[in-house]
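The briefing below is meant to be read beside it.

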Amino acid sequence: MKLLDKSTMPVLGQGTWGMGENPASEEKEIKALRHGINNGLYLIDTAEMYGNGGAELVVGQAIKDFNRKDLYIISKVYPHNAGRNNIFTACENSLDRLGTDYLDMYLLHWRGSIPLQETVECMEELVKLGKIKGWGVSNFDTDDMKELWQIKDGQNCLLNQVLYHLGSRGIEFDLLPWMKENKVATMAYCPIAQGGRLRRGLLDNPAVNEVAKKHSISQTQVLLAFVLNQENLIAIPKASSINHIDENIATLNVKLDSEDIALLNEHYPAPNHKTFLDIV
Ligand code: NDP
């Protein structure tokens, strides 16, 4: 079975978008990431794009005193670098910034103009070279996944990272079922809607408030619990403060019951028709 093994792949990891952009915040970001790792969040998601390489440098600082094999590091290649001319250098540059000699997972950040077949061939070569353990994609909708499945070695894709939160449930209609059926893991980015910023009113919603009150948790934790309570989904909230990290870890123990889900569904219904994939 190709589905990522949840005994080795945690359901909660750490995002890094926005890190490494401001030298004054870097120490805090490094501390937060280290705190997360020390408390079980050993999966870190980054990208060459974030902070123009700055996020990978921050991650490199955060992980340098840990045993590499205890970590799960994901980075992403820009679409314009995802072809034979650039991907090998782009990957090497990411490895240098991260201070490591391999990535656990390398993702195509989103689809660009380079043919998928070429990207897949390069990803397979990177695996053979030992530079990456596996590869996946990001921001792929159902049709993109179906196309990938027709390409030679396309079915070696291990993961699709897509936007998903309580206020944006479009993938439940056809992408999530397709991913489950084809045993590909789904990684939810923006699981807390960027602290509520992506959907006006989400954190003040009466249903979210009621569930928060019932479980004595924050509204943000309700959003994260909504994602974590689902099978085959990995959430990668970004948090650059120790308090936020602790709160996110505590959410692993929150179990939403059918009453909670029914209430949330009333306000944010599951989709009953196809919508295009939401992206940021
Ligand atoms: P998130 O939904 O993870 O929200 C991050 C925001 O929420 C930050 O402002 C953070 O604040 C705040 N926050 C974190 N924890 C809490 C908490 N417990 N209570 C209140 N606020 C909290 O958005 P992101 O856009 O960061 O998405 C997560 C990750 O997914 C990214 O960092 C990135 O790694 C990945 N991503 C991938 C994309 C892709 O195209 N593949 C696109 C977008 C994101 P603070 O930092 O102050 O703690």
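This is a predicted model: local features need pLDDT of at least 70, side-chain atom pairs count only at pLDDT 80 or more; totals for chains, interfaces and linings use all residues.

Residues are numbered from 1 along each chain as its sequence is written, and side-chain values use heavy atoms, with hydrogens and water left out. The structure holds 15 salt bridges, the count of disulfides comes to zero, and 29 residues surround the ligand.

**Ligand site**

- Among the 29 residues that surround the ligand, the closest are Asp-45, Ser-138, Gln-194, Ser-240 and His-244; a residue is taken as near a molecule or strand if one of its heavy atoms lies within 4 Å of it.
- Ser-138 places a polar side-chain atom 2.8 Å from a nitrogen atom of the ligand, and Glu-247 has a side-chain N or O atom 3.3 Å from a nitrogen atom of the ligand.
- Trp-17 takes part through its backbone, where a polar atom is 2.9 Å from an oxygen atom of the ligand.
- Taken alone, the ligand exposes 910 Å², and the protein buries 90% of that; accessible areas come from the Shrake-Rupley method with a 1.4 Å probe, and for residues only the protein chains shown count as cover.

**Salt bridges**

- A salt bridge is defined here as a side-chain nitrogen of Lys or Arg within 4 Å of a carboxyl oxygen of Asp or Glu.
- Glu-56 forms a salt bridge with Arg-97, with 2.7 Å between the closest N and O atoms, and this pair links distant parts of the chain, since Glu-56 is in helix H2 (residues 54-63) and Arg-97 is in helix H3 (residues 87-98), 41 residues apart.
- Helices (H or I, at least four residues) and strands (E, at least two) are DSSP runs, numbered from the N terminus.
- Glu-56 is buried, with a relative accessible area of 0%, whereas Arg-97 is partly exposed at 22%; buried means under 20% relative accessible area, exposed over 50%, and partly exposed in between (1.4 Å probe, protein chains only).
- Arg-111 forms a salt bridge with Asp-144, the closest N and O atoms being 3.1 Å apart; because Arg-111 lies in the loop between strand E3 (105-108) and helix H4 (116-128) and Asp-144 lies in helix H5 (residues 142-150), the pair ties together parts that are 33 residues apart in sequence.
- Within that pair, Arg-111 is partly exposed, with a relative accessible area of 30%, and Asp-144 counts as buried at 18% relative accessibility.
- Asp-174 forms a salt bridge with Lys-274, the closest N and O atoms being 3.3 Å apart; Asp-174 lies in the loop between strand E5 (159-163) and helix H6 (175-181) and Lys-274 in the segment after H10, so the pair ties together parts that are 100 residues apart in sequence.
- Lys-274 is itself partly exposed, with a relative accessible area of 35%.

**Cysteines**

- With a disulfide defined as a pair of cysteine sulfur atoms within 2.5 Å, the structure has zero disulfides.
- Cys-157 is buried, with a relative accessible area of 0%, and its sulfur is 15 Å from the closest cysteine sulfur, in Cys-122, which is too far for a bond.
- Cys-190 counts as buried at 11% relative accessibility, and its sulfur is 19 Å from the closest cysteine sulfur, in Cys-157, again too far for a bond.

- Trp-17, Leu-198 and Val-280 make a nonpolar surface patch of about 260 Å²; patches are made of residues with over 30% relative accessible area and no salt bridge, with like charges joined within 9 Å and nonpolar side chains (Val, Leu, Ile, Met, Phe, Trp, Tyr) within 5 Å.
- Val-280 lies in the segment after helix H10 (258-267) and is partly exposed, with a relative accessible area of 48%.
- Thr-275 is also found in the segment after H10 and counts as partly exposed at 31% relative accessibility, while its C-alpha atom is separated by 9.9 Å from that of Glu-172, 103 residues apart along the chain.
- Thr-16, in the segment before helix H1 (26-38), counts as buried at 1% relative accessibility.
- The side chain of Thr-16 makes a polar contact with the side chain of Thr-46 (3.1 Å), a polar contact being a pair of N or O atoms within 3.5 Å where, within protein, one must be able to donate a hydrogen and the other to accept it, and residues adjacent in sequence count only if both atoms are side-chain atoms.
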